[in-house]
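Hello,

Here is the structure I promised to pass on. Please open it next to this email.

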Amino acid sequence: MPAAPDADKRAPEREEGARLADRIVGFARMLRRAGLRVGPAAVMDAIQAVVRVGVERRDDFYWTLHATLISRHEDHALFDAAFRLYWARRDERDEGRTEDEGDEAEVLREKKRAGDRRAEDALDEERRAIIKKRPEFELDARLSFTAMEVLRQKDFAQMSAEEVAKARRAMRDLVLPFDRVATRRFRPDPHGARIDPHAMLRASLRTGGDLILPKFRSPRQITPPLVALVDISGSMSQYSRVFLHFLHALTEKRRRVFSFTFGTRLTNITRPLSRRDPDEALEEASEAVRDWSGGTRIGTALGDFNRLWSRRVLGQGAIVLLITDGLERDHIDVLSREMERLSKSCRRLIWLNPLLGFDGFEPRARGMRAMLPHVDELRPVHNLDALGDLCAALTDAPAQGGDLARHFQRAHMKGGRNANV
């Protein structure tokens, strides 16, 4: 029996709609690879909304996908870059710019906006996933855990660009610290151990003083400030750039995180790192810092911090993360004095040294020996496992992390004046 004429007309429309739905699903996968939170329900809503609105106008199509797939304002820049790349017209990709646009168009094309790089990487991954048909997919799935374990134990300085990108994405999944400290102030607590006389008197006023019921209170707990001082000198550049991504993830999920960089000068990058988009945050931080990969003046930088910032950010049981290799050759007496002052101004001073990842490491440099007596804990920071241990140490009370610092201090005392410089 021949098919109905109406069915023949609707068949190409259904085929076109299915292709469009597949492309929307691929676009959602690209957004997820770029780091956005796009769930299956949002994808279904996007497909249904496009069916209702239509695709006659590009602007309507853009804002339909934007309204259904994006829920946070900080994701707008990345969505815009991904949309321009994924839904680019064929003539835009093939013909490029016209000649009468001049040099200004060339400059604008070279200067990428925030999120363009992440969108391009996500689009490349999406294209590779579509083109490659791997028969050994099950074998790769079984070995993915081993590959991730190798990545977690690999030194940041030995990682390729692709491995560094994977490490940055893995930092978002770290269990970030959420420690609490008790303050001198109190809060009402029916299960508290202390009597609250003021609350009892206020409550007795309701009955004219005839009935006084017991009220209790307990110390108020707050999240202490976390201050990071990052060495960005030439010997630390391979580690400091990765650690800034960790600080951005920390700033996004924890209140009162203050970040500073130092090489030959001290720079406050707290405000740039508070931006939600990581590419935009790191770009603004790079523009604010003027001494990338230069010399090292640890003592001078710590002196500037103690004089200008310590009273502002080191209150209420603050924890200081000092990431540096300690290779200071000048003004060792200044370094020792400023380290002592910094140690007395905070609750915990944690020295993060990437050189601890090397076997047989010993703090023989004069700067390292001057810093050791004033730190509470000494920890490595050369790979993802070390960052995970750091998060666990910040959540818990200070314990075994300081044993390494005490070990080197005892070894230095035994070596005495015969220690190598």
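Below are some notes on its cores and its aromatic rings.

This is a predicted model, where local features need pLDDT of at least 70, side-chain atom pairs count only at pLDDT 80 or more, and totals for chains, interfaces and linings use all residues. Residues are numbered from 1 along each chain as its sequence is written, and side-chain values use heavy atoms, without hydrogens and water.

Start with the largest nonpolar core. A nonpolar core is a set of buried Ala, Val, Leu, Ile, Met, Phe, Trp, Tyr and Cys residues joined through side-chain atoms within 4.5 Å. Buried means under 20% relative accessible area, with a 1.4 Å probe and protein chains only. This core has 38 residues, and F156, F243, F246, L321 and L387 touch the most other members. Helix α11 (237-253) supplies at least two of its residues. Helices here are DSSP runs (H or I, at least four residues), numbered from the N terminus. A separate core has 29 residues, among them F260 and C346.

Now the rings. Rings of Phe, Tyr and Trp (its six-membered ring) pair if their centres lie within 6.5 Å; planes over 60 degrees apart count as edge-to-face. The count is 15 aromatic pairs. F27 and W87 are edge-to-face, because their centres are 5.9 Å apart and their planes are at 65°. F27 is in helix α1, W87 in the loop between α4 and α5, 60 residues apart. F27 is buried at 0% relative accessibility. W87 is buried at 9%. Both belong to one aromatic cluster, which also includes Y62 and F83.

Best wishes

Methods
Buried means under 20% relative accessible area, exposed over 50%, partly exposed in between (1.4 Å probe, protein chains only). Rings of Phe, Tyr and Trp (its six-membered ring) pair if their centres lie within 6.5 Å; planes under 30 degrees apart count as stacked, over 60 as edge-to-face and the rest as tilted.
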